[in-house]
Amino acid sequence: MTKGTERKQQPRKAPKKQGRVLKPELSYKVEVTDKDGRVIAREEGPSRSYVQQWNEIFQLQGGDVTSGGVVKDVDGVTQTSAYRSSRSFMCNAGIGYDRTGLRVGKDSTSVSISDYALGSPLAEGTGTDQVEHQLTYFTGPSVVGSTLSFTIQRSMVNHSGSTITGIQEIGDYIEFTAAMYGRVALGFRDVLGSLFSIPDGGAITVTYTLKVTA
Amino acid sequence: MRNRGGLWYSVTVRDRHGKVISRERRRSRSMLGNWYRILYAQMAFTSTSMVHTSGINRGASWLTDNWKFKAAANEDWIGIVVGTGSTAVTIDDYKLATQIMNGTGSGQMRHLASTPGSPSVVGSDCSFLTSRTFLNNSGDSITIRESGIYCRCKGPTYYGYANIVRDVFSTPQAVPDGGSITIDYTLRVTA
């Protein structure tokens, strides 16, 4: 490896949306590492992309809704019997579990408020264009100055035998309850500023920071 | 185009005849740390420390009732609340500075019921509104300087209530005897 490629990777900046004033209450960082753990690509930026299910589930909680709530799940099915639940927003997915937690995908379609899933999420596995989902990891809330924040992080490892190219979307799948536990909805989704590739044996790590400032 | 996501509040004061005598609408900057402590507990399906409105650190844990701020009439421990305090907001506020309690005595106001509306999508926004009106039948004018939201919550052991939003008005709002004040909070996400 040459000296030039050994230099520390500079974070890519997410594309700016001209003229927007943003208080970054949700932000993301994406890092790709090779099989030796070396960071080979990185991007970070503010997320603008909570989608409507986030607010719908919050309204179930705030409004003490016990039946009849409407939330579309990640399969595109509009659940019409959603209600408040201890599992609302839950996304502490374990190893190998790709129904909830942070996901990555290959779709580049702009985020819409009505998005209900990633456009083309990578599935769990070691086959072509599949990744092995690791444990979803949280850091607890901490206060610095007038800001409280916590993070959610997940790595996905490529053991498919070849490079996975064209990764351009990330997002969080969260639980809600409708008729039964275990329904899953998209909470937020972001389209990255550039395409990412994960070499065989490498990994992609997505970190979201949720922050509030008084 | 400005980013319109977040929490917004509006204040409307009426006299005894229902005539609007003052109005204020602003973006709330005062979603408190407790909002996110509960969110963390829900997302991670775990527990964390959190001071309840009682002033005691009873923590936050996952719970069916978390964030419930739907309030019945006369309930001054849940839902939108108002007060006379003007202490600057801090991230770890756990109650209003000087809350106005329910009643018709001196310095008290009657709390009406409050139910969050259903979310609606307009363009790239999804938002819902929760609103509450307070009636001043105390016999004297009351000046409101702060508002907030108290919600149901639970720690690992104890149930309780948490202050998740607090705002100090840019202009104190005097509510005449026989009049009312209505606080609207709109929670909006924008893609």
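This report walks through a predicted two-chain model, from its overall make-up to a few single residues.

## Ground rules

The model is predicted, so local features need pLDDT of at least 70 and side-chain atom pairs count only at pLDDT 80 or more, while totals for chains, interfaces and linings use all residues. Residues are numbered from 1 along each chain as its sequence is written, and chains are lettered from A and ligands numbered from 1 in the order in which they are written.

## Chain A at a glance

Let's start with chain A, which has two helices and 13 strands. Helices here are DSSP runs of H or I with at least four residues, strands are runs of E with at least two, and both are numbered from the N terminus. Of chain A's 214 residues, 46% count as buried. A residue is called buried if 20 or more other C-beta atoms lie within 10 Å of its own, exposed if 12 or fewer do, and partly exposed in between, with C-beta atoms placed from the backbone.

Contacts tell a story about the chain too: among those in chain A between residues at least 6 apart in sequence, 67% join residues at least 24 apart. Two residues are in contact if their C-beta atoms, placed from the backbone, lie within 7 Å.

Strand 6 of chain A (101–105) has five of its five residues buried, so the rest of the structure largely encloses it. This strand pairs with strand 11 (residues 164–178) of chain A in the antiparallel sense, over five bridges; for two strands to pair, DSSP must find at least two bridges between them. Arg103(A) stands opposite Gly171(A) in strand 11 of chain A.

In the loop between strand 5 (78–83) and strand 6 of chain A sits Phe89(A). Phe89(A) has a positive phi of about 75°, although it is not a glycine. Phe89(A) is also buried, with 26 other C-beta atoms within 10 Å.

## Where the chains meet

Now for the interface: 45 residues of chain B are in contact with 42 residues of chain A. On the chain B side, the elements that give two or more residues are helix 1 (33–44), strand 8 (125–135) and strand 11 (180–190) of chain B. Helix 1 of chain B supplies the largest share, nine residues.

By class, that side of chain B has 24 nonpolar, 15 polar and six charged residues. Ala, Val, Leu, Ile, Met, Phe, Trp, Tyr, Cys and Pro count as nonpolar, Asp, Glu, Lys and Arg as charged, and the others, Gly among them, as polar.

Helix 1 of chain B has twelve residues and reaches 16 Å from its first C-alpha to its last, close to the 16 Å expected at 1.5 Å a residue. That expected span is 1.5 Å times one less than the number of residues. The helix is mostly covered, with twelve of its twelve residues buried.

Strand 5 of chain B pairs with strand 9 (residues 142–154) of chain B over five bridges, in the antiparallel sense. Ile80(B) stands opposite Ile149(B) in strand 9 of chain B.

## Residues worth a click

Gly83(B) has its place in strand 5 of chain B and is buried, with 20 other C-beta atoms within 10 Å. The C-alpha atoms of Gly83(B) and Ile144(B) are separated by 5.7 Å, although the two are 61 residues apart along the chain.

Trp67(B) lies in the loop between strand 4 (60–61) and strand 5 (79–83) of chain B. Trp67(B) is not a glycine, yet has a positive phi of about 75°, and it is buried, with 28 other C-beta atoms within 10 Å. Leaving aside neighbours within four places in sequence, Cys151(B) is in contact with residues including Trp67(B), Phe69(B) and Tyr161(B).
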